[in-house]
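Work through the exercises below with the sequence and the model open. Each task is followed by a solution in steps.

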Amino acid sequence: MIVILRPNTPKELIEEVIKEVEKLGYTPHPIHGELQTVVAAIGDERIHHTLESLNVLPQVDRVIPVQKRYKLVSRESKSEDSVIDVDGVAIGGREFVIMAGPCSVESEDQLLSTAKIVRSLGAKILRGGAYKPRTSPYEFQGLGKHGLRLLETARKETGLKIITEVLSERDVEHVAASADILQIGARNAQNYQLLVECAKTRKPILLKRGMSERIEEWLLAAEYILSKGNPNVLLCERGIRTFETYTRNTLDLAAVAIAKRESHLPLIVDPSQGCGRADLVKVLCRGALAVGADALLIEVHPCPAEALSDGQQQIDFDVFAQLISELRPILNATGRMFV
Ligand code: PEP
Ligand code: MN
């Protein structure tokens, strides 16, 4: 921590700060400038009391932390990329992973037809919401437990692994019993109690970035899960809310590059929620690959015009097939494997 004092602070008030720094367990190193004094406080910020409380002293201008607030998720604690094992599918390694499927599970036919197509084109994981966080209570809320049964059927028939959203603490146990990856949605991105409950299942957790969440907050949310002993976290950028109206959200690819640098956890991009427009999904997938994403989460529906949720952003089977063929050369060029 660095404590910056106000200009022309008298000697006795500088001494007061130095004593406080010592009292809080740090070794103070004052640096006296022409006008201003700065006190470098040496000590491990993870085990000592934060010095931010010194801001209350009138002679203190500001206190600047040196270490990151997230620890277990940071590259400082683990420099090599983490590879998360999803029941035999590795995410974050050399293989690029595609997770695809409908926004919502709607029927057996809809889910199974989609599962078979996406698997034949190389997807390893099937997405589909059984519990849907809808803005309006009058919109389709998902099939709930029946939706989970359909996802299990699809896994049995295709061998695809399953990712599905868990909306509340109440549902964690039974969703975890069906899913291979628990999805924490943007609306629950900072629901810390839910994060802790999900962490306890030891299942891989795909943690979406909240729609107005800073990168640091996103990484700290992941820290909640790791600090409870579950290292299996996938960070997912899904667009943030901005002033722009041409897109539903603004897909923040810079955040992917930054999170990749800050953290060893795998980075997933969801271009579907990310822009809310089917016509942009392909080009955003290419961008995601270019900035170093490890996997994509894409909404695919047999007939998007008839979808019960997010119809405007889901791509049909033909566009999904085109997308995969367009991604292949980029994957080859970036040295990533894709089956
Ligand atoms: C979804 O994946 O369908 C979804 C609701 O995502 P988000 O939480 O990112 O809005
Ligand atoms: Mn959706």
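**Exercise 1.** Determine how α6 and α7 are oriented to each other, and which residues form their contact.

*Solution.* Step 1: take helix α6 as residues 215–227 and helix α7 as residues 253–262; helices are DSSP runs of H or I with at least four residues, strands are runs of E with at least two, and both are numbered from the N terminus. Step 2: the two helices pack at an angle of about 50°, and their axes are 11 Å apart. The axes are lines fitted to C-alpha atoms over the stretch in contact, and angles run from 0 to 180 degrees between N-to-C directions. Step 3: α6 and α7 are therefore oblique to each other, since angles under 35 degrees count as roughly parallel, over 145 as roughly antiparallel, 65 to 115 as roughly perpendicular and the rest as oblique. Step 4: I215, W218 and L219 of α6 touch A255, I258, A259 and E262 of α7, where contact means heavy atoms within 4.5 Å.

The model is predicted; local features need pLDDT of at least 70, side-chain atom pairs count only at pLDDT 80 or more, and totals for chains, interfaces and linings use all residues. Residues are numbered from 1 along each chain as its sequence is written, chains are lettered from A and ligands numbered from 1 in the order in which they are written, and side-chain values use heavy atoms, without hydrogens and water.

**Exercise 2.** Describe the packing of α9 against α10.

*Solution.* Step 1: α9 covers residues 281–290 and α10 residues 317–333; their angle is about 25° and their axes are 10 Å apart. Step 2: α9 and α10 are therefore roughly parallel to each other. Step 3: K282, C285, R286 and L289 in α9 meet residues of α10, including V319, L323 and I330.

**Exercise 3.** Are C103 and D310 buried or exposed?

*Solution.* C103 has 2% relative accessibility and counts as buried; D310, at 13%, also counts as buried. Buried means under 20% relative accessible area, exposed over 50%, and partly exposed in between (1.4 Å probe, protein chains only).
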